[in-house]
Amino acid sequence: MRDLPRLVEIVGRAARRLTGADGGAFVLRDGDEVHYVEVDAREPLWKGRRFPVSCCISGWAILNRAPVAVEDVLADPRIPHEVYRPTFVKSLAMVPIRSTDPLGALGAYWARPHKATPEEMETLRHLADATAIAFANIALYDELRRLNEGLERRVAERTARLEEALRELDDFAQHVAHDLRAPLRAMRGFARIALEELEAAGGPPGLREWLHRISEAGERMDDLIVDLLAYSRLARAELPRERVDLDRAADEVLLEARPSIAERGAAVEVERPLGEVWAHPAALKQILHNLLSNAIKFVAPGVAPRVRIRAESRPPRRRLWVEDNGIGIAPEDHERIFRMFERLHPQDRYPGTGIGLAIVRRAAERLGGAAGVESEPGKGSRFWVELPAGGA
Ligand code: ADP
């Protein structure tokens with residue numbers, strides 16, 4: 001039992017039915033008054049009315065913490081006769097709800113002179129006991145709900161503050177990353193000029209090598225900044241979704257990747273039609289681009305990369321696969337590689353920032369999907385991303 005009005009209704013009716021009386025009442029104490037919250041009888045009697053505790057029979061039962069049976073209401077001095085005289089009530093019984101500090105009383109009314117039997121009094125007492133327990137439950141439940149509401153409000157406030165702090169942090173990261181790129185561009189530019197001049201003048205090879213390394217390090221740093229920017233942008237930006245044709249998205253990504261595909265002698269096969277998903281077009285292309293770049297990058301030396309892109313339906317999602325014939329990944333690393341800066345290979349063999357797959361997962365999740373991999377060392381990798389299916 002979780003709400004008071006329902007309890008009052010049920011108990012009022014039960015007081016009448018279980019005793020076979022002509023009326024039942026549920027009375028609650030409210031300070032110096034008693035409140036007849038429910039009366040179940042052929043006339044409403046005093047339903048909804050309040051009387052002083054000191055001058056009515058329910059008040060008597062409450063104050064004396066004792067049940068009472070009255071055979072002739074008009075002969076009993078504890079009863080306000082003027083209230084009863086116009087009604088059908090000839091006899092009654094009242095029992096307090098809760099024996100210590102009663103919170104109210106239950107009553108039964110008879111239209112004929114009747115002395116309530118011990119069984120009837122016992123029935124009313126049991127009903128009063130059950131009511132007291134239900135009351136305590138309702139109070140507990142209310143308290144619990146209040147506490148819960150307070151907790152939810154506090155969580156909501158803290159979440160809002162946390163989100164604000166995260167936004168500020170992301171803004172800060174965007175600013176810093178952006179501002180770092182300008183001096184970096186200058187350093188790389190001057191290193192390149194110096195290198196060109198040295199080469200033209202036939203300068204010392206050692207110096208040329210150093211300048212070359214400065215250039216390369218600058219390039220790597222720029223890649224890192226670009227990836228970091230992409231990652232933090234994914235956290236902040238709204239990503240409104242629309243229906244995206246995967247074939248078109250794949251075409252666009254393949255076109256952009258054409259130089260590196262050619263450079264590595266890779267063969268990319270697309271099993272069409274790939275179908276449609278709900279996604280943010282740019283975020284989806286970023287996912288595809290990152291998976292494709294990895295697929296053609298992580299192959300054993302001397303092996304021509306072969307990549308297959310296909311899709312399958314997994315209602316309500318669509319799963320896109322990017323499969324390669326590369327070096328593969330040990331099962332214990334399958335989760336790790338999706339975290340920021342986690343890389344399994346040395347920079348000189350397989351250059352990279354370690355952010356690409358973190359971007360893939362974050363983008364997939366923000367689009368309401370997921371990303372993962374199936375792979376074994378030496379047996380190629382099958383990366384997948386699952387997004388809400390497009391369709392009609
Ligand atoms: P990056 O490619 O810049 O190193 P990623 O986050 O894209 O960073 O990938 C993390 C690591 O996961 C890679 O360094 C590599 O060790 C492993 N990895 C990713 N894709 C593949 C793949 N197709 N085959 C084998 N290993 C891969």
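Helices (H or I, at least four residues) and strands (E, at least two) are DSSP runs, numbered from the N terminus. The model is predicted: local features need pLDDT of at least 70, side-chain atom pairs count only at pLDDT 80 or more, and totals for chains, interfaces and linings use all residues. Residues are numbered from 1 along each chain as its sequence is written, and side-chain values use heavy atoms, with hydrogens and water left out.

## Arg319 in strand 11

Strand 11 covers residues 317-324 and contains Arg319. Arg319 has a relative accessibility of 7% and therefore counts as buried (under 20% relative accessible area; exposed is over 50%, and partly exposed is in between, with a 1.4 Å probe and protein chains only).

Apart from neighbours within four places in sequence, Arg319 is in contact with Arg310, Ala311, Glu312, Arg314, Trp384, Val385 and Glu386; contact means heavy atoms within 4.5 Å. With Glu386, the side chain of Arg319 makes a polar contact of 2.7 Å. A polar contact is a pair of N or O atoms within 3.5 Å; within protein, one must be able to donate a hydrogen and the other to accept it, and residues adjacent in sequence count only if both atoms are side-chain atoms. Ala370 is 51 residues from Arg319 in sequence, and their C-alpha atoms are 9.2 Å apart in space.

## Salt bridges

A salt bridge is a side-chain nitrogen of Lys or Arg within 4 Å of a carboxyl oxygen of Asp or Glu. The count by this rule is 34. One network of salt bridges links Glu271, Arg308, Arg310, Glu312, Arg314 and Glu323.

Within helix 4, Arg146 and Glu143 are three residues apart, which means a separation of about one helical turn. Their side chains form a salt bridge with an N to O distance of 2.7 Å. Arg146 is exposed at 52% relative accessibility, while Glu143 is partly exposed at 35%.

Asp222 and Arg188 form a salt bridge at 3.6 Å, N to O. This pair links distant parts of the chain, with Asp222 in helix 5 (residues 205-236) and Arg188 in helix 4, 34 residues apart. Asp222 is buried, with a relative accessible area of 13%, whereas Arg188 is partly exposed at 25%. A further salt bridge joins Glu374 and Arg382 at 3.7 Å, N to O. Glu374 has a relative accessible area of 37% and is partly exposed; Arg382, at 29%, is also partly exposed.

## Ligand surroundings

There are 20 residues around the ligand, and Asn294, Asp324, Arg343, Thr353 and Leu357 come nearest; a residue is near a molecule if one of its heavy atoms lies within 4 Å of it.

An N or O atom in the side chain of Asn294 is 2.8 Å from an oxygen atom of the ligand. His345 also places a polar side-chain atom 2.8 Å from a ligand oxygen. For Ser381, an N or O atom of the side chain is 3.5 Å from a nitrogen atom of the ligand. On its own the ligand has 530 Å² of accessible area, of which the protein covers 98%. Accessible areas come from the Shrake-Rupley method with a 1.4 Å probe; for residues, only the protein chains shown count as cover.

## Nonpolar surface patch

Phe172, Val176, Leu180 and Met221 make a nonpolar surface patch of about 360 Å². Patches are made of residues with over 30% relative accessible area and no salt bridge; like charges are joined within 9 Å, and nonpolar side chains (Val, Leu, Ile, Met, Phe, Trp, Tyr) within 5 Å. Helix 4 (residues 118-201) gives the most to the patch, with three residues. Phe172 lies in helix 4 and is exposed, with a relative accessible area of 54%.
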